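Subject: Structure handover

Hi there,

Here is the structure I promised to pass on to you. Could you open it alongside this note, so that you can follow the residues as you read?

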Amino acid sequence: DDGKLFGTGDNTYGQQGSGTAGEESYVTEFTQRLSDQNIAKVVNTGDCTWAITTDGKLFGCGRNNYGQQGSGTAGEESYVTEFTQRLTDENIKEVVIGEGTTWAITTDGKLFGCGYNASGEQGSGTSGYESNVTEFTQRLTDENVKEVVAISGVTWAITTDGKLFGCGDNNKGQQGSGTYGTDVTEFTQRLTNENIKDVFSSGQETWVVTTDGKLFGCGRNNYGQQGSGNTTNVTEFTQRLTDENIKEVVIDSEYTTWAITTDGKLFGCGRNNNGQQGSGDTTNVTTFTQRLSDQTVEKVICSYNTTWAITDDGKLFGCGNNDYGEQGSGDFDNVLTFTQRLTDENIKEVV
């Protein structure tokens, strides 16, 4: 709590900031880094590490094969093995790491990006491996950016006045452009008539919640995860659950979508091969369907074909895959219906 930073572990790419890299340089004891700085936040994806100080400085180290360190170079020989300050003239509020990309937001809403650009996810107007961006470059220069989501070749930005801009991969219609297959290489505004609160992306599907609780989705739909009633990819942002006021969307890479309303209703759709929809069977669910209708749901967590829900009064319900006993059921049978666990406890969080 006094802002010291300690790290240990893998250092293959120099992500420990120790001055070395490689398997022989793993750090096996917690070692202080940036000892002359007061650290407010650290973001790490395993092969890259970024630290923001309390006075808004940005320091990075680690893998740089696509230029994601913003050093002006790229490639295996250009790994950054010591914490190095970037964007020295800016006051940094947030840093977001994508797959081979890095995004920084300043306290005055400027957006800077660098790294991988194979699908146009840098919003530079180009795409392809030869167009990777090796220096932090400002994007959306006329906008005040509040939030960035970067994942699997896609970048989304929300401005402080509720505009939504996207770029990158569009192979399943996840850019909401009306078509699919053509990358979007420049940040392009979507849902221009709506005020956007949150955007959620798995890379191949996109969900947006507006400030007045509307839910819009587009993208991959092979298991019905768009809630459209079929399995056809959705290439335009389409409103779902039109009678509900949506608080949050939770999606995972296993093609499941969950939506929680402001009054605690839980709706799900998508893949159900292990019973993760809690429907009592293993049939994919192609329309948003309410679950736990007698409970007020506070949060939902889904990953690897399992789903967990916590209610507002601290009950825990789970369903889905159970190959390793992860449902806590006492056996290894998949759980097809939401089932309460830890019935004598008041649950705050599940991981």
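A quick definition to begin with: buried means under 20% relative accessible area, exposed means over 50%, and partly exposed is in between, using a 1.4 Å probe and protein chains only. This is a predicted model, in which local features need pLDDT of at least 70 and side-chain atom pairs count only at pLDDT 80 or more, while totals for chains, interfaces and linings use all residues. Residues are numbered from 1 along each chain as its sequence is written, and side-chain values use heavy atoms, with hydrogens and water left out.

**Overall picture**

The protein chain has 0 helices and 26 strands; helices (H or I, at least four residues) and strands (E, at least two) are DSSP runs, numbered from the N terminus. The radius of gyration is 21 Å, close to the 20 Å of the globule rule for 351 residues, so the chain is as compact as a globular protein of that length. That radius is taken over C-alpha atoms, and the rule is 2.2 Å times the number of residues to the power 0.38. The C-alpha trace spans about 55 × 45 × 30 Å along its principal axes. Of the 351 residues, 54% are buried. Taking contact as heavy atoms within 4.5 Å, residues 24 or more positions apart account for 45% of the contacts with a separation of 6 or more.

A nonpolar core here is a set of buried Ala, Val, Leu, Ile, Met, Phe, Trp, Tyr and Cys residues joined through side-chain atoms within 4.5 Å. The largest one has 14 residues, and those with the most contacts inside it are W50, L58, L87, I92, V95, A104 and F136. Two or more residues come from each of β4 (48-53), β7 (92-97), β9 (111-115) and β10 (133-139).

Leaving aside residues up to four places away in sequence, L58 touches W50, A51, I52, T84, Q85, R86, L87, I92, V95, A104 and F136. How many residues of β5 are buried? The count is 5 of the 5, so β5 is largely enclosed by the rest of the structure. From this strand L58, G60 and G62 point one way, F59 and C61 the other way, and all are buried.

Two strands pair if DSSP finds at least two bridges between them. β4 and β5 run antiparallel, joined by 5 bridges, with I52 opposite L58. Their hairpin has 4 residues between the strands, and G56 takes a positive phi near 85° there. On to β6: 4 bridges join β5 to that strand, again antiparallel, and F59 stands opposite Q85.

**A four-stranded sheet**

Further along, 4 strands form an open sheet in the order β19-β20-β21-β22, with antiparallel pairing. β19 (246-252) and β22 (285-291) are the edge strands, each pairing on one side only. Neighbouring strands are turned by 20° against each other on average, direction ignored; the axes are lines fitted to C-alpha atoms, for helices over the stretch in contact, and angles run from 0 to 180 degrees between N-to-C directions. Between β19 and β20 (residues 256-261) there are 6 bridges, and V250 stands opposite W258.

**Salt bridges**

The structure holds 14 salt bridges, each a side-chain nitrogen of Lys or Arg within 4 Å of a carboxyl oxygen of Asp or Glu.

- D47 and R63 form one, with the closest N and O atoms 3.6 Å apart. D47 lies in the loop between β3 (39-44) and β4 and R63 in the loop between β5 (58-62) and β6 (80-86), so the pair ties together parts that are 16 residues apart in sequence.
- K163 and E143 meet at 3.4 Å, N to O. K163 is in the loop between β12 (154-159) and β13 (164-168) and E143 in the loop between β10 and β11 (145-151), so this pair ties together parts that are 20 residues apart in sequence. K163 counts as partly exposed because its relative accessibility is 27%.
- K110 and D108 meet at 4.0 Å, N to O, and E90, D108 and K110 are linked in a network.

**Two backbone details**

L140, in the loop between β10 and β11, has a positive phi near 50° although it is not a glycine. At 16% relative accessibility, L140 is buried. S152, in the loop between β11 and β12, has a positive phi near 45°, again in a residue other than glycine. S152 is partly exposed, at 27%.

Best wishes
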